[in-house]
Amino acid sequence: MSKAKRILKTVLISVVAIAAAAWDATAQNGEKLINGSDCAGCHALDSQVVGPSWRAIAKRYASQTGSTATLAARIREGGAGKWGDVAMTAHPDLTDAQAREMVSWILALKESSPSPATPKAGSKLYTYTPRTGPAVQLDFPLFVAGNGGKVTKDVFRGYELFNSYCYRCHGTDATGSQLGPDLRHSLAAGMKEPAFLSVAMAGRKDKGMPSWAGFLTRQDVTQIYQYTKGRSLDLVPAGRPPSGTE
């Protein structure tokens with residue numbers, strides 16, 4: 001190999017290395033922006049929450065021309081229709097450059113290995129018998145085992161959150177009001193946790209339901225769901241339930 005070719009090869013390797021480092025830095029900054037936003041309330045790495053998983057987005061868009069600009073615009077403008085009818089919250093405070101950095105991290109996931117599957121917390125089934133009706137099975141505990149009917153820490157936290165933010169429209173103790181429906185009836189009619197999470201995070205503008213994404217976390221809404229589910233079965237009493245942490 002001639003000296004000129006060796007120099008050219010060295011230069012090309014350096015350019016590629018610099019470009020790769022710049023891309024990696026951009027993706028890392030994008031990950032920080034995502035973790036510091038409300039994105040985790042509606043998206044997860046490998047599973048659908050309200051919106052698609054990050055890996056599903058990467059799989060669909062990573063090979064498409066212009067996908068970075070398209071997804072960056074969607075992050076900033078919000079909207080629905082690509083993955084379902086639930087509207088994505090707009091993020092107008094993000095700059096186009098920031099949105100593109102977030103997209104860079106998402107699209108880079110196409111080349112990475114999926115995380116090992118981990119069992120859902122509370123995957124064990126818990127059987128409870130309401131005062132009326134047949135026994136039911138839940139994938140989370142309502143009460144602390146062997147503690148005299150005291151609710152778990154999560155259920156009690158759900159009670160606190162509900163009666164701090166939700167009661168104004170959905171009534172104290174989840175009993176409903178003129179402003180919002182009785183959520184006990186919604187859950188008794190078959191609303192599951194994913195639908196509950198979707199409505200809470202995305203909101204329903206046509207019905208005056210605000211979006212809680214960015215204010216409440218996914219864990220917060222899950223705890224509210226668990227409390228409300230207990231109320232819908234008439235297992236968690238009205239008022240301040242006895243807590244296993246006390």
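A salt bridge is taken here as a side-chain nitrogen of Lys or Arg within 4 Å of a carboxyl oxygen of Asp or Glu. In this predicted model, Glu-160 and Arg-157 meet that criterion, their closest N and O atoms being 3.3 Å apart. The two residues sit 3 residues apart in helix α5, and are therefore separated by about one helical turn. Glu-160 is partly exposed at 31% relative accessibility, and Arg-157 is likewise partly exposed at 35%.

The structure holds 5 salt bridges, and two others deserve a look. Arg-55 and Asp-46 join through their side chains at 2.4 Å, N to O. Here Arg-55 is buried, with a relative accessible area of 15%, whereas Asp-46 counts as partly exposed at 37%. Arg-131 pairs with Asp-234, with 3.9 Å between the closest N and O atoms. Because Arg-131 lies in the loop between β1 (126-128) and β2 (136-138) and Asp-234 in the segment after α8, this pair ties together parts that are 103 residues apart in sequence. Arg-131 is exposed, at 72% relative accessibility, while Asp-234 is partly exposed, at 37%.

Beyond its neighbours within four places in sequence, Lys-229 is in contact with Leu-138, Phe-140 and Leu-187.

Turning to the aromatic residues, 10 aromatic pairs are found in the whole structure. In one of them, Phe-156 and Tyr-159 have ring centres 5.6 Å apart and planes at 40°, so the pair is tilted. Both residues belong to helix α5 (residues 153-170), where they are 3 residues apart, about one turn of the helix, and both are buried. A pair with another geometry is that of Tyr-165 and Phe-215, whose ring centres are 5.2 Å apart and whose planes stand at 85°, so it is edge-to-face. Since Tyr-165 lies in helix α5 and Phe-215 in the loop between α7 (193-202) and α8, the contact ties together parts that are 50 residues apart in sequence. Tyr-165 is partly exposed, at 32% relative accessibility, and Phe-215 is exposed, at 51%.

Leaving out residues up to four places away in sequence, Phe-196 touches Leu-183, Leu-187, Met-191, Val-221, Ile-224, Tyr-225 and Thr-228.

Leu-71 and Ala-72 bring helix α3 (residues 67-77) into view, where they are buried along with Ser-67 and Ile-75. Seen down the axis of α3, the buried residues fall within an arc of 125°, so they line one face of the helix. Among the elements covering these residues are α2 (54-61) and α4 (96-108). After α3 comes Gly-78, which has a positive phi, near 70°.

Definitions and conventions
Residues numbered from 1 in each chain as written. Predicted model: local features only at pLDDT ≥ 70, side-chain atom pairs only at ≥ 80, totals over all residues. Heavy atoms only, no water. Contact = heavy atoms within 4.5 Å. Phe/Tyr/Trp six-rings, centres within 6.5 Å; stacked < 30°, edge-to-face > 60°. Helix = DSSP H or I, 4+ residues; strand = E, 2+ residues; numbered from the N terminus. Buried < 20%, exposed > 50% of the residue type's maximum accessible area, 1.4 Å probe, protein only. Arc of directions from axis to C-beta.
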